[in-house]
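Please read it alongside the sequence and coordinates.

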Amino acid sequence: MSSIKKSKSFNVTKLFESDEKLTFLVGAGASVEAPSQLPSTSDTMEALIKLSCANSEIETILKLQNLRFEVLVGIIHKSIEDDFRFLNFFTKSDKPNLEHFVLAEMIKKGHFIITSNFDFLLEYALLQSNVPKKKIIPVITKKDYEKFSDPEKLYKNGKIPVYKIHSSHRNIITGEDTRTSFINTLKLIGLNQTERNIVQLEPYKAQFLDKISNDRSLIIIGYSGKNDFDILSTLKIMKKLKNLIWINHISDGGSKEDLYEFDAQKSIDLKNLDKLDQYLLEIKQLNGSVNVFRLNVNTSKFLEKFFKEKEKLSKDKFSIDLMEWLKTNIDEPNELTKLFISYKIYFETKNYTDALRCLERIFRISEDSGKTKWKAIALMEMGIINYIQLNYSDALDWLRKSLQIQLKIKAFPQRTLIFKYIALILQAQKNYSEALQNFEFALKENERFKDLYEKSKLYKHIGINYQYQEKYQDALKYFEVAIKINVKLENYSEKAINYKQTGKIYYSKKSFSEALKFFNEALKLNEQLDNLEDKAEILNLLGCIFHEMGDSLNGLDKCNEALRIYDRLKNYEGKLDSLNYLGIIYRDQWNYIKALDYFEDGFQIAENLGNLELKAIFSNQIGTIFQNQDKYSEALKWFDDSLKFFDQEGDLKGKVDVLKKIGIIHKEQKMYPKALRRFEKALEIFERLEDLNSKASTLNVIGQIYLDQRKFLESLRNFQEALEIYGETENLEGNADSLKNIGNFYAEQANFKEALSRYKNALEIVNKLGIKGKIAELLNKIGSIFQDQGVYSQAMEKFEEALEIFNQENNMEGRIDSLHLIGVNYHYLGQDNEALKVFEEAVQIAEQIGNLHKKALCLNIIGNIFREKWDYVEALKRYEEALLIADELDNFDEQIQILIIISKIYQAQKHYPEALRHYNEAIYVSESIGNLETKADIFTSIGDIYFDEDNFPEALKMYEEALKIDDQLGNTKGKAQRLLCIGNVFLVHKKYN
């Protein structure tokens with residue numbers, strides 16, 4: 001079914017003639033027809049380009065598709081330094097046309113009219129329609145909008161308001177000069193506008209347009225839909241419209257009327273539609289309850305049926321030619337200014353090759369003519385373009401050359417910008433201290449000109465600089481000052497950015513309630529400004545906060561909403577953020593299949609974009625999924641790729657994160673030298689980054705590796721060094737981790753008193769911090785001490801308390817750990833049936849979350865219990881299942897141990913062929929990892945089978961093979977055992993011979 005179809009049920013003519021209250025939104029196209037005859041937006045742009053641009057560039061610039069009228073006006077205003085005098089032309093026509101008179105009649109009937117036009121033609125139409133001057137209220141300034149915000153009340157009091165959302169030079173009814181409001185509005189709507197990041201109508205105007213259109217039909221006249229981003233952005237957030245009718249002017253349409261209705265189909269490919277249809281479909285998709293129509297018609301022909309007094313139309317036509325007027329009233333810019341305006345047009349439309357070409361011409365001309373000031377400007381702008389294109393070394397070179405010239409000629413205006421961009425480059429290169437110094441220079445230069453707008457931006461950048469260095473209190477101070485300036489200037493877009501950055505700091509500090517407060521404020525502002533990219537970014541961050549606060553469903557909703565926005569904007573890098581966050585939430589919920597889908601999608605998009613940094617991030621995430629499932633060989637493949645990408649990008653933080661994960665895998669595989677090498681490399685990087693907390697965390701892991709190897713002195717030394725660092729950094733959580741590790745150290749040495757003391761100290765800290773997962777973990781540790789001392793009832797209390805917390809937190813990994821300990825406790829108490837129930841529950845949870853390692857661990861213990869009960873059938877079933885998992889995970893040590901146990905069961909049952917088959921398999925695995933000691937033990941067990949079968953030559957051969965290995969390893973204990981076995985063979989031989 002088509003998303004755009006001809007409408008047969010709706011009649012716009014009847015709507016105009018009905019008593020239903022309407023709101024009209026009127027654009028420049030309404031003033032084009034005779035006798036008004038003001039130029040259209042495209043004709044105005046053409047005249048302005050011909051006046052202000054270099055002759056060599058006019059043809060190319062006229063062909064630009066993405067140049068906005070307001071952007072062009074803003075560039076010209078700033079370059080020729082006048083107060084938009086070149087727009088005074090639009091006040092010259094005093095001859096309203098048919099459209100103005102029809103709209104005047106609509107106003108008289110009580111319908112609301114809002115116009116973006118600079119002209120006074122609606123006011124003239126009202127006056128010529130016998131409306132007394134004292135009744136007409138043009139609403140232009142912010143003060144006007146505050147005073148006349150209720151049109152219903154005004155109509156009841158006999159007043160007729162005309163709302164001018166782009167302001168006007170003056171109020172022709174009262175004579176008030178409103179040029180200041182006009183200039184401020186034009187500056188705002190011409191500032192950094194793109195289709196994606198729209199800073200358009202002041203929020204109070206957007207809100208007003210929304211308010212006076214509630215429960216009404218909105219009729220749009222005089223807009224083309226090609227460049228009307230300020231209006232279109234506002235329409236997208238108007239939720240309570242009944243109908244939206246866009247009158248699309250067809251100049252040669254005669255009296256033909258075609259009405260089309262839009263349907264909110266999500267799957268439609270917008271690329272194949274013209275701009276207007278794209279926007280109308282987007283509005284419908286965003287506001288499904290609004291009926292959206294496009295009426296293709298000659299506007300004047302359509303409206304003339306509602307106008308009966310054609311004699312009011314002036315016989316004379318407005319006949320001043322815009323180009324001639326501009327030449328007479330505006331000083332034509334010089335050659336260098338024209339080139340600079342051309343450059344700025346290319347720059348704002350992201351045509352950087354053309355922009356650089358213009359700058360090179362400015363540089364050459366200024367060098368030949370000795371106009372040093374222009375030379376400095378050209379060099380500075382070249383530096384800025386190179387910064388945008390990430391050519392940092394060239395950018396620094398141009399900016400510093402520009403600065404040298406400005407210092408010589410004692411010219412100051414550009415110095416603020418130069419210092420700012422030098423600082424931004426140094427910051428991008430992670431040279432934070434030098435960047436900060438240059439931001440301070442920029443602030444000092446800015447004091448000469450008292451440019452509050454630029455000052456607020458510099459405070460923001462300094463805040464971000466401190467944020468990168470994790471100096472959060474300093475960052476917050478600068479953002480706070482920036483926000484105060486934003487409020488003073490009513491600069492809502494910068495205010496939204498600073499709220500967002502402040503929220504990010506509180507998020508980093510885990511102050512979630514404060515973070516939510518600032519993110520929600522930023523979200524409100526971005527919705528008012530229709531800044532969709534920042535809105536999506538904040539939705540992602542809100543999603544992460546809700547997830548971390550335990551509300552993962554809300555977190556998924558927010559991230560999915562962000563994903564939809566990025567999809568609509570075709571912003572792939574933003575989309576990757578959403579995919580990453582969604583993957584993390586599903587991963588943390590142990591939904592590894594779903595998480596992997598998102599991460600693999602992200603990696604594919606990053607690969608298509610050729611973005612190494614993003615490839616590194618997603619490789620890391622995919623590796624982490626496999627690591628969490630104990631699929632170590634798969635995980636290591638992805639981590640190795642991620643490490644390579646981070647290395648190529650020079651991203652030390654990303655690299656060190658991967659190094660630690662690889663180290664953890666090697667630790668789990670008992671490959672301790674390999675693990676230590678990774679963590680020692682990570683330690684070097686943290687020392688280089690002066691990241692004390694991460695250094696301490698790494699020392700803790702190194703201590704654990706030494707503890708696993710029973711190298712007690714090295715272990716304790718690392719734990720204590722970590723504890724000292726956390727004391728310096730006042731990191732309470734880190735203190736608790738270090739105390740827990742020291743507790744583990746004492747527990748390994750059976751020094752239960754000291755272990756218990758450290759665990760209790762750690763528990764006291766995490767209780768104060770309210771970290772539930774760590775509280776439960778420490779309760780399990782304390783319970784284990786009681787269990788090791790044989791105090792099973794107290795141990796059970798602690799394990800059950802921990803299990804309750806893990807259940808509340810929905811922490812599946814924690815639940816398995818507690819169930820495992822409870823099962824062991826039941827086993828020690830001789831309550832094997834209870835133990836088996838608990839272990840089976842743990843197996844089901846491990847299966848549910850895909851943690852094969854913990855599943856195998858529990859299966860092995862279940863196997864042990866059945867084996868002790870002489871139930872070999874059930875025992876073998878569990879061991880075989882555990883063996884399959886060990887095989888899948890490439891856990892060779894585990895494979896060997898299980899194969900030996902299975903062999904021993906068959907051996908005990910005299911099923912020698914099966915026992916030998918499993919022993920031989922164990923030998924093969926032992927050889928593959930070079931485990932000679934275990935191989936010698938297996939040879940001995942095989943020798944025992946041959947001995948039982950009276951096959952003494954074969955038994956002797958096996959024992960002697962084992963003895964050779966003992967000699968090779970210097971294993972005295974093993975050698976003694978093998979010699980005893982050989983002695984038994986000779987003893988038996990002697991007896992029978």
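By class, four nonpolar, no polar and four charged residues line the largest cavity; here Ala, Val, Leu, Ile, Met, Phe, Trp, Tyr, Cys and Pro count as nonpolar, Asp, Glu, Lys and Arg as charged, and the others, Gly among them, as polar. The model is predicted, so local features need pLDDT of at least 70 and side-chain atom pairs count only at pLDDT 80 or more, while totals for chains, interfaces and linings use all residues. Residues are numbered from 1 along each chain as its sequence is written, and side-chain values use heavy atoms, with hydrogens and water left out.

**Cavities**

- The structure holds two cavities of 30 Å³ or more, a cavity being a set of points on a 1 Å grid over the protein atoms alone where a 1.4 Å probe fits but cannot get out.
- The largest cavity contains about 50 Å³ of space; grid points are joined across faces, edges and corners, and the volume is the space filled by probe spheres set on the points.
- Its lining consists of Ala736, Asp737, Lys740, Ala762, Val766, Lys774, Glu777 and Leu778, where a lining residue has an atom within 4 Å of a point.
- Two or more lining residues come from each of helix H35 (732-748), helix H36 (752-769) and helix H37 (772-788); helices (H or I, at least four residues) and strands (E, at least two) are DSSP runs numbered from the N terminus.

**Salt bridges**

- A search of the whole structure finds 67 salt bridges, each a side-chain nitrogen of Lys or Arg within 4 Å of a carboxyl oxygen of Asp or Glu.
- Glu777 and Lys740, both in the lining of the largest cavity, form a salt bridge with their closest N and O atoms 2.7 Å apart.
- This pair links helix H37, which holds Glu777, to helix H35, which holds Lys740, across 37 residues.
- Glu777 is partly exposed at 30% relative accessible area, whereas Lys740 is buried at 14%; buried means under 20%, exposed over 50%, and partly exposed in between (1.4 Å probe, protein chains only).
- Glu470 and Lys653 form another salt bridge, with the closest N and O atoms 3.6 Å apart.
- Glu470 lies in the loop between helix H21 (452-468) and helix H22 (472-489), and Lys653 in helix H31 (residues 652-668), 183 residues apart.
- Glu470 is partly exposed at 44%, and Lys653 is partly exposed at 45%.
- Asp258 and Lys256 meet in a salt bridge through their side chains (3.6 Å, N to O); Asp258 is buried at 13% relative accessibility, while Lys256 is exposed at 55%.

**Helix H25**

- Helix H25 (residues 532-548) has 17 residues and should span 24 Å at 1.5 Å a residue, which agrees with the 24 Å between its end C-alpha atoms; the expected span is 1.5 Å times one less than the number of residues.
- H25 is largely enclosed by the rest of the structure, because 15 of its 17 residues are buried.
- Gly550, with a positive phi near 100°, follows H25.

**Strand E3**

- Strand E3 (residues 112-115) points Phe112 and Ile114 one way and Ile113 and Thr115 the other way, and all are buried.
- Strand E2 (residues 22-26) runs parallel to E3 and is joined to E3 by four bridges; strands pair if DSSP finds at least two bridges between them.
- Within E3, Ile113 stands opposite Phe24.
- E3 also pairs in the parallel sense with strand E5 (residues 160-164), over two bridges.
- Tyr163 in E5 stands opposite Ile114.

Note on methods
On a 1 Å grid over the protein atoms alone, a cavity is a set of points where a 1.4 Å probe fits but cannot get out, and a pocket is an open set with protein on both sides within 12 Å along at least five of seven lines; lining residues have an atom within 4 Å of a point.
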